[in-house]
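Let's take a walk through this structure together. Keep the sequence to hand and turn the view as you read.

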Amino acid sequence: MKSRIPVDERALYFHAGEDEGEFLAVQTALERIRIPVRRLDAAALDEKLGVLAGSAPVQAGAPAQEPGLRDALIFKSLTRARLEEALAALNRVQAGRGALKAVLTPTNQTWSLRSLLGELEKEEALMNCYQRLHTRVQEADQRLGAQPAGTLPEALEKARKILQSDSPSLPELQEAEKELDLLLESLA
């Protein structure tokens, strides 16, 4: 007989808006695959993630609306397979699409929800800029055959090095993207 150790799988959904429809869509999709969802509001922003992810209810004050916050979905104790299943369930019903997503880790469980949201925003900005620069490098590669001399090859080489580095910074990515954009515009 195989014994099963219960796993405390759950999701935390920080929903900044007042629209109940988005939260209910996320909750329904995840609970359909047996992942309970706890809704968090602005009153939970300064609570530690480990406390919020616990099984005991969190005592919170009156939620104060804070403009500019995005929804976030934080998964706890899901294996990779279960995480993929959860994301697929959300995609099927097109729920949680604009939400930032994270997994609770030993490191971030000591962070406040506000800190996590800030880190996720920075990470998303970095990844978006990385993708844009990658696209610009591909475009420059296509044009390079027609324009082999000049500053385009230098800018292209610089951009490639930044993309290949282990941890490019957002300012480095932005500068390389701007340089390539200017040079590509001058060729148009």
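Is Arg160 buried, partly exposed or exposed? Arg160 counts as partly exposed, because its relative accessibility is 26%. Bear in mind, as you look around, that this is a predicted model.

Glu157 forms a salt bridge with Arg160, and their closest N and O atoms are 3.8 Å apart. Both residues sit in helix H5 (residues 151-164), three residues apart, so about one helical turn separates them. Glu157 is partly exposed too, as its relative accessibility is 38%.

Stay on helix H5 for a moment and look at Lys158. The side chain of Lys158 meets that of Glu179 in a salt bridge, at 3.0 Å from N to O. Here the link is between distant parts of the chain: Lys158 belongs to helix H5 and Glu179 to helix H6 (residues 170-187), 21 residues apart. Lys158 counts as partly exposed at 30% relative accessibility, and Glu179 counts as partly exposed at 29%.

How many salt bridges does the structure hold? There are 14 of them. In general, side chains of opposite charge can pair when their charged atoms come close. Another pair to pick out is Glu124 with Arg70, a salt bridge whose closest N and O atoms are 2.3 Å apart. Glu124 lies in helix H4, while Arg70 lies in the loop between helix H2 (49-52) and S3, so this pair ties together parts that are 54 residues apart in sequence. Glu124 is partly exposed, with a relative accessible area of 29%, and Arg70 is partly exposed as well, with 26%.

Now turn to the sheet. Its four strands form an open sheet in the order S2-S1-S3-S4, with mixed pairing. Why is one side of S2 and of S4 left without a neighbour in the sheet? Strand S2 (37-40) and strand S4 (100-103) stand at the edges, and each has a single partner strand, so one side of each has no neighbour there. On average, neighbouring strands of this sheet are turned by 20° against each other, direction ignored.

Within the sheet, S1 and S2 pair in the parallel sense over four bridges. Helix H3 (residues 80-92) touches strand S3 (72-76) and S4, and its direction makes about 150° with that of S3. Helix H4 (residues 113-144) also packs on the sheet, where it touches S1, S2, S3 and S4; its direction makes about 115° with that of S4.

Our last stop is Glu9, which is in the segment before strand S1 (10-14). Is Glu9 buried or exposed? Glu9 counts as buried, because its relative accessibility is 15% and the cut-off for buried is under 20%. Its side chain makes a polar contact with the side chain of Arg82, at 2.7 Å. Leaving aside neighbours within four places in sequence, the residues in contact with Glu9 are Arg34, Ile35, Pro36, Lys76, Ser77, Leu78 and Arg82.

Conventions. Residues are numbered from 1 along each chain as its sequence is written. This is a predicted model: local features need pLDDT of at least 70, side-chain atom pairs count only at pLDDT 80 or more; totals for chains, interfaces and linings use all residues. Side-chain values use heavy atoms; hydrogens and water are left out. Helices (H or I, at least four residues) and strands (E, at least two) are DSSP runs, numbered from the N terminus. Buried means under 20% relative accessible area, exposed over 50%, partly exposed in between (1.4 Å probe, protein chains only). A polar contact is a pair of N or O atoms within 3.5 Å; within protein, one must be able to donate a hydrogen and the other to accept it, and residues adjacent in sequence count only if both atoms are side-chain atoms. Contact means heavy atoms within 4.5 Å. Two strands pair if DSSP finds at least two bridges between them. Axes are lines fitted to C-alpha atoms, for helices over the stretch in contact, and angles run from 0 to 180 degrees between N-to-C directions. A salt bridge is a side-chain nitrogen of Lys or Arg within 4 Å of a carboxyl oxygen of Asp or Glu.
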